[in-house]
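Open the model in your viewer and show it as a cartoon. Have the selection tool ready.

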Amino acid sequence: MTTETVTDVFEEHRPVLLGVAYRMLGRLADAEDVVQEAWLRWSGADRSGVREPRGYLVRVTTRLAIDRLRQIKSRGETYVGPWLPEPYVTDFGDTVPDTAERAVLADSVSLAVLVVLESLSPLERAVFVLREAFGYPYAEIAAMLDRGEPAVRQLAGRARRHVEERRPRYDVDPVQRRDLTERFLAAASGGDLEGLMALLAPDVRLVGDSGGKSKAPLRVLETSDKVARFLRGAAQKGIPDASFRFLELNAGPALLVLSGGKPDSVFQLDVADGRVQSVYVIRNPDKLRSLADLV
């Protein structure tokens, strides 16, 4: 391959590689670092025996992501308050025409699922991502991970059971989620306690991620009364020069709150049976940095 061809091939597969790395790590900066390392490996490798560049690159990226995940876990990093994945701008457009495939991809990057994936081992997470999100056959996954196919099937089954047991139930209908998000914004910004209570499920949960770098609950809030009162109190305190923008994050409608034109927080809702089941609030400025280019 010429230098241009080598670059073109990698860039063609970059979105897939970033998708694998992000689902593995839940951190966009780490995912981009892994993809950059994959590029260095690819550009410096002997590619004469590479028949399927995509498979080769996914294999390299997956292994690098596993190593990065193990490093993170081995450091025993402590995080102040609840942890949520870094928001990931998604817009499948016309690249995923099939409704069923779109639903699978949307589910695999949802905040709720990525939080559950944090509790898997690095190998379980890799197998789950490759199988459930990208549909790789067990034999190919086994080859990528240098594991026997029976072992990979066992890892996949264990990971799938773990995720299904802990995955919150929600509707993926974007129209309904957008409608409830707009009504949620109107009630919350107006301090309308009754309006909020009407939208929230009785056992609703609010998960706030600040990383200790801004104001957000340091514990998960539960029940509609506690969540509604917290939101009303936050609205009463206000945000300087606040404005709002709707966008698609993690394959679902989300609300970006701006302060003076800069990202201040992200709200995303899980919805089921016409009520809000979960409220995710991301206020860690490090996780909002990538959204600054959108405003």
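This is a predicted model: local features need pLDDT of at least 70, side-chain atom pairs count only at pLDDT 80 or more; totals for chains, interfaces and linings use all residues.

Residues are numbered from 1 along each chain as its sequence is written, and side-chain values use heavy atoms, with hydrogens and water left out.

**Whole chain.** Colour by secondary structure: the protein has twelve helices and six strands (DSSP runs, H or I of at least four residues for helices and E of at least two for strands, numbered from the N terminus). The radius of gyration, taken over C-alpha atoms, is 20 Å, close to the 19 Å that the globule rule gives for 295 residues, so the protein is as compact as a globular protein of that length. That rule is 2.2 Å times the number of residues to the power 0.38. Of the 295 residues, 48% count as buried (under 20% relative accessible area with a 1.4 Å probe, protein chains only; exposed is over 50%, partly exposed in between).

**The cores.** Select Met24, Val58, Leu117 and Val266, which have the most contacts inside the largest nonpolar core, a set of 68 residues. Such a core is made of buried Ala, Val, Leu, Ile, Met, Phe, Trp, Tyr and Cys residues joined through side-chain atoms within 4.5 Å. Helix α1 (residues 3-25) gives the largest share of this core, eleven residues. Another core, of 23 residues, lies apart from it and includes Leu180, Leu196, Leu199 and Leu206.

Now centre on Val266. Leaving aside neighbours within four places in sequence, its contacts (heavy atoms within 4.5 Å) include Leu249, Tyr280, Ile282 and Leu291.

**Strand β1.** Select residues 200-209. Seven of the ten residues of β1 are buried, so this strand is largely enclosed by the rest of the structure. Strand β6 (residues 275-282) runs parallel to β1, joined by six bridges; two strands pair if DSSP finds at least two bridges between them. Aspartate 209 has isoleucine 282 of β6 as its bridge partner. Strand β2 (residues 221-222) pairs with β1 in the antiparallel sense over two bridges, with leucine 206 opposite leucine 221.

**Helix α8.** Select residues 149-166. What covers the buried residues of this helix? Helices α5 (111-117), α6 (122-133) and α7 (138-145) are among the cover. The buried residues of α8 include Val152, Leu155, His162 and Val163.
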